[in-house]
Structures are given as C-alpha cells and as structure tokens.
Amino acid sequence: MTTAAAPARTRVLSQARFEAITLLRNGEQLLVAVVLPVAVLVGLVSTTGISVGSGRRVDLVVPGVLALCVISSAFTGQAISVGFDRRYGVLRLLGVSPLGRTGLLAAKATAVLSVIGLQLAVLGGVGLALGWAPVWSGVPVAVVSVLLGTWAFVALALLLGGTLRAEGVLALANLVWLVLLALGGVVVAGSELPGRFGPVVALLPSAALGDSLRVALVHGSVSLSDWGVLVVWGVLATALARRLFRWSD
Amino acid sequence: MPPAVAVHGLAKRYRGVVALDGATWSASPGRVTAVLGPNGAGKTTMVECCEGLRRPDVGEVRVLGADPWRASADHRARVGVMLQDGGLPNSARPLPLLRHLSSLYAAPADLEGDGGLVARLGIGAFGGTSVRRLSGGQRQRVALAAALVGRPEVAFLDEPSAGLDPHARLDVWDLVREVADAGAAVVLTTHSFEEAERLADHIVVVAAGRVVAEGTLAEVTAGERLEDRYFALTRKAVA
C-alpha cells in the first residue's frame with residue numbers, strides 16, 4: 001500500500017499545535033487558565049484575611065496557584081473542549097482521519113502539557129516578581145507532581161466530557177473548578193480549612209496536587225501519600241473513562 | 001476493476017432494534033454512487049460501517065480491499081469523509097482548519113491555489129470567520145473541502161449539497177463529478193432525486209435496512225421517473 005498519511009509524529013504534533021492554539025485563542029479559557037490564577041496569586045499574597053498556613057505567604061501561595069493552573073487546563077479546559085468536540089462530531093471526523101483516535105489522544109496530551117508549561121512559566125514569573133523564593137532542589141519533585149496531577153485531571157476530564165451532554169459538561173467543569181478552588185485544598189491547604197473538612201479534602205486529587213507542590217517547593221521534599229492519592233484517582237478515572245467514554249453525542 | 005467499496009450481508013442492531021438487515025451493494029472507482037432512502041432506512045449506519053465508525057454485527061465490509069474497522073492510518077488517508085453533522089470544531093476558522101487537516105496527509109490536494117479547493121468552493125470569502133458564525137451552507141462547503149483535502153480514492157459524502165443555494169449546489173456537483181472523473185469512488189447519500197439523476201452513475205436504494213434496488217439510473221428506474229420508482233420501492237418495503 002502506498003504511503004498516503006503524513007508520518008505519525010507530524011500528525012500528532014500538527015494536531016497538538018492546533019489544539020493548543022485553539023485553547024489559547026479561547027477567551028473564556030484564557031480567563032480560567034491565566035487571568036484568574038494571576039488574580040488569585042496577587043490577591044492572596046497582598047491580603048492577610050485568608051490563612052494559608054505558617055511561613056512566608058508568597059512561598060505558600062505560589063505552589064497552590066500552580067496546582068490551580070494544572071486543574072484549569074487539564075480538567076476544566078479539556079472537559080469542555082472534549083464535550084463540545086463530541087457534540088459537533090469533531091471526535092468522529094478526526095477518528096476517521098489519518099490522525100485516528102490514538103493520535104488524537106496523544107495530541108491532546110501534548111497540547112495540555114504545553115499549555116500547562118506555558119501557564120507555569122507565566123505564573124512562576126509573576127510569583128518571582130512578588131518575591132517568591134522556592135526551594136530549587138524541590139523542582140524535579142514538583143515536575144513529577146505536575147505530571148501525575150495532569151494525568152489524574154485529564155482522565156477525570158475525559159470521564160466528564162466523554163459521557164455528559166456538552167452544556168452539562170460546561171456547567172459542571174466550571175463549577176467543580178470553583179468548588180475545588182474554594183474548598184479543594186488547592187491554594188488554601190486542607191489543614192487551613194474548618195476542622196471537619198480536613199480528612200475528606202486530603203483524599204481529593206486537588207489537595208494531593210496542591211499539598212505535594214507545597215511540600216516540594218517549600219521544603220524540597222517528597223510527599224508519597226499525596227502521589228499515592230493522585231495515582232489512585234488517575235487509575236480509577238482512566239479505567240472508568242475507558243469503559244464509559246462515548247465518541248459521539 | 002474490483003469495487004472500491006464492497007458491502008455484503010451487512011446487519012446491525014441497536015439494543016435489539018434492527019438498523020440494517022443484510023444489505024449488499026458496491027461502489028466502483030471513477031463513479032458516483034448515490035445512496036437513496038427514507039430517514040431511518042439505515043443509510044447513515046451503512047456508511048458509518050464503511051467509514052470504520054461502527055462495527056457490523058454480521059456481514060462484511062471492504063473498502064479498498066481492507067476492513068475499515070480499526071484500519072491503518074494509510075488506509076484512513078485514502079478515504080475521505082464528510083459527516084452529516086460536519087465534524088468541524090466550532091471555534092476554528094475554516095482556512096487554518098483546512099491547512100491543519102491537509103498537514104495530516106503525505107500528498108494533499110491543492111488547497112489555496114487558483115484551482116484549489118478553497119477557490120472552487122468559495123471558502124475564501126469566509127475563511128477567517130469562526131465556524132460557529134458560518135451559515136449552514138458555508139459549513140457544508142468547509143466539510144466537503146475537509147473530505148477532499150487528502151485527495152481520497154474513496155469519498156463518503158453525507159448529503160453534500162443539502163441546504164445549499166442553486167449556484168453553490170452546481171459548484172459542488174461539478175467538483176464531485178471531477179473527483180470521480182479523476183478516478184475516485186464517490187459514495188454520497190442524498191434525499192434529492194435531482195442530485196441522483198444529474199450526478200449518479202450508480203444508484204443504491206435502501207429501505208428498512210435492506211437494499212431494494214441497485215444499478216444505473218436506467219436500470220433502477222426501468223423507464224419510470226426516479227421519483228415514482230423510489231416511492232414504489234420504499235413504500236413496499238416499509239409496508
């Protein structure tokens with residue numbers, strides 16, 4: 001058979017670029033991905049009304065805001081884009097194009113990681129400008145946390161975006177983002193929330209991601225229990241998404 | 001020449017409801033094959049089995065000699081698909097989208113040249129407008145360009161001229177004819193007798209999950225008007 005398709009790498013990178021540009025061109029998405037995290041960062045650093053724990057305020061807030069960025073792109077952004085792409089038949093069309101279903105998943109993973117990389121650079125830069133002094137030796141550990149968190153939240157996004165109606169996905173993905181921001185242990189650690197929330201919040205992927213980033217970038221150490229929580233969420237959501245995901249609406 | 005699309009004894013049920021009940025037909029290279037049939041007759045299911053979007057319960061589908069279910073990327077590159085719901089991302093703009101899709105192919109069609117798809121289908125006029133702001137007919141033309149951008153050997157087009165004004169419809173017919181004349185097997189589903197009469201070399205009439213007639217226009221109509229013959233064939237099958 002003749003070679004009719006472009007090489008696999010070209011196809012995946014081309015789709016990843018297309019998806020990343022689409023995400024960055026989307027105003028609402030940019031708001032959730034960059035503008036709101038910057039607002040949360042500046043707001044929490046320059047006020048003292050909300051307790052973020054003991055230590056330098058900026059050092060505790062920045063890792064949490066980085067976790068918020070991961071949740072914005074990996075969960076909210078992906079759930080919404082998958083929900084609507086499914087509704088408009090985009091997943092079906094790309095599935096029968098040379099890209100295929102596997103190529104589409106690889107491209108989405110690449111696009112999400114690129115956008116998260118960009119967000120972390122912007123937010124990290126703003127943090128440094130505000131006086132953030134991370135423990136640099138904790139950065140490799142933080143990278144692992146970001147990758148595990150991305151996996152868990154993308155899997156949850158596929159589970160949500162691949163099963164509900166697009167409007168439902170839109171409403172729920174934004175609502176979950178807001179609830180996790182307020183009560184999910186992302187920027188305000190579970191230990192700083194009213195007592196009865198603590199034990200439940202610790203089991204959420206949002207708190208596991210936030211806490212593991214704080215432990216890495218404030219103390220330079222690894223929190224295996226938080227990684228464990230992220231892996232369990234990743235495995236469960238991946239298994240459920242594999243069973244329940246529907247390619248068409 | 002062997003058929004580009006060969007469907008034999010195709011059956012498909014959805015939760016016990018019969019969608020296809022042993023359909024058999026074929027489409028040849030260099031010809032336009034029109035699939036006609038009432039809504040719910042099984043046309044879409046049949047074409048989706050050929051595109052690899054659905055897996056038949058019973059029967060065999062061969063497209064360019066291969067089983068379309070889980071077919072290779074090279075196979076998918078040789079088959080162009082225009083879906084009824086378009087399959088276009090709402091926030092994308094037509095020109096960047098088509099440029100992107102063409103990058104998925106080793107030897108894509110001319111897109112933006114003088115005789116390219118964009119010029120032929122008049123897409124340039126709205127090439128920078130997001131898909132969500134396009135009219136139905138404009139989306140239709142972008143979806144057709146997306147199906148043809150890989151210079152397919154087989155093209156499945158779901159109602160390619162539905163909702164178009166008469167000029168655009170003629171443009172689409174000319175283009176489809178040209179693609180077939182260049183050697184591709186074009187399979188289009190339609191509700192338009194005019195489209196079938198003017199464009200089709202081969203006609204397949206589907207009713208209640210079965211193929212009730214297949215052949216050239218003259219063979220299918222047997223001297224009657226296509227419209228009359230169609231109603232006679234499909235009423236009988238439904239009753």
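**Exercise 1. Strand β7 of chain B**

Task: work out how many residues of strand β7 (residues 185–190) of chain B are buried, and why the strand counts as largely enclosed.

Solution. Start with the count: six of the six residues of β7(B) are buried, so the rest of the structure largely encloses this strand. Buried means 20 or more other C-beta atoms within 10 Å of the residue's own; exposed means 12 or fewer, partly exposed is in between, and C-beta atoms are placed from the backbone. Strands (E, at least two residues) and helices (H or I, at least four) are DSSP runs, numbered from the N terminus.

Before going on, note the source. This is a predicted model, where local features need pLDDT of at least 70, side-chain atom pairs count only at pLDDT 80 or more, and totals for chains, interfaces and linings use all residues. Residues are numbered from 1 along each chain as its sequence is written, while chains are lettered from A and ligands numbered from 1 in the order in which they are written.

Next, sort the side chains. In a regular strand they alternate between the two faces of the sheet. Here A185(B), V187(B) and T189(B) point one way. V186(B), L188(B) and T190(B) point the other way, and all are buried.

Last, find the partners. Strand β3 (residues 32–36) of chain B runs parallel to β7(B), joined by five bridges. Strand β6 (residues 154–158) of chain B also pairs with β7(B) in the parallel sense, over five bridges. Pairing requires at least two DSSP bridges between the strands. V186(B) is the bridge partner of V32(B) and of A155(B).

**Exercise 2. The core**

Task: state how many residues the largest nonpolar core has, and which have the most contacts inside it.

Solution. The core has 156 residues. It is a set of buried Ala, Val, Leu, Ile, Met, Phe, Trp, Tyr and Cys residues joined through C-beta atoms within 7 Å. Those with the most contacts inside it include V70(A), A157(A) and V186(B). Helix α3 (residues 57–87) of chain A gives the most, 16 residues. From chain B, domain 1 (1–78 + 152–165 + 176–239) and domain 2 (87–151) each give at least three. These bounds come from an automatic or database domain assignment.

**Exercise 3. Where the chains meet**

Task: find how many residues of chain B are in contact with chain A.

Solution. Chain B uses 24 residues, against 24 residues of chain A. Contact means C-beta atoms, placed from the backbone, within 7 Å. Helix α2 (73–77) of chain B and α3 of chain B each supply at least two residues of this side of chain B. The largest share, four residues, comes from α2(B). By class, this side has 12 nonpolar, seven polar and five charged residues. Nonpolar covers Ala, Val, Leu, Ile, Met, Phe, Trp, Tyr, Cys and Pro; charged covers Asp, Glu, Lys and Arg; the others, Gly among them, are polar.

**Exercise 4. Positive phi**

Solution. Most residues other than glycine have a negative phi. E159(B) has a positive phi of about 45°.

How values were computed
Contact = placed C-beta atoms within 7 Å.
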